[in-house]
Amino acid sequence: MPRSIANAKEIQAKSRRHTVRQIGPNWYKVKSGETRRVYDVVLAVNGGTCTCDWGRQRPDEDHRSACSHVVAALNYRAAKKGRRISAWDSEEAAQRQHRPMLKIGDGLILTSRSG
Ligand SMILES: [Zn+2]
């Protein structure tokens, strides 16, 4: 099922307002900048899972959640390598960046650049 809520830039903006704390190698606590609620995010190579309402409702065949919490954790992980990520909901727009691309589910595509 394609993502039907919000758009990539909105998710990206929201993700920047969250606070991320790393708990384990792939485990993060992400505190919402809006509600102050804390969610557990577990990252894999191709995205991550989250305990928020959206993340809990992912289909059986793909548990990955492209919510702003997962994007925040991915950005945190990227920042440790000196990189920054941007979110796109169209493959054409993502490809135009000519950067490494990562499809994290729900139709969301991330690109990363240094700096
Ligand atoms: Zn979430």
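Here is a short tour of the sheet and the helices that go with it.

Before you click, note that this is a predicted model, where local features need pLDDT of at least 70, side-chain atom pairs count only at pLDDT 80 or more, and totals for chains, interfaces and linings use all residues. Residues are numbered from 1 along each chain as its sequence is written.

**The sheet.** Start with the four strands, which form an open, antiparallel sheet in the order β1-β2-β3-β4. (Strands are DSSP runs of E, at least two residues, and helices runs of H or I, at least four, numbered from the N terminus; two strands pair if DSSP finds at least two bridges between them.) Select 19-22 and 47-50: these are β1 and β4, the edge strands, each with a single partner, so one side of each has no neighbour in the sheet. On average, neighbouring strands are turned by 30 degrees against each other, direction ignored.

Now pick β3, residues 38-44, which is joined to the antiparallel β4 by four bridges. Zoom in on Val 41 and you'll find Cys 50 of β4 opposite.

**Across the sheet.** Next, select 68-80. That's helix α3, lying across β1, β2, β3 and β4 and running at about 60 degrees to β3. (Angles run from 0 to 180 degrees between N-to-C directions, with axes fitted to C-alpha atoms, for helices over the stretch in contact.)

Show Ile 11, Gln 12, Lys 14 and Ser 15 of α1, then Ser 68, Val 71, Ala 72 and Asn 75 of α3: they make the contact (C-beta atoms, placed from the backbone, within 7 Å).

Technical notes. Two residues are in contact if their C-beta atoms, placed from the backbone, lie within 7 Å.
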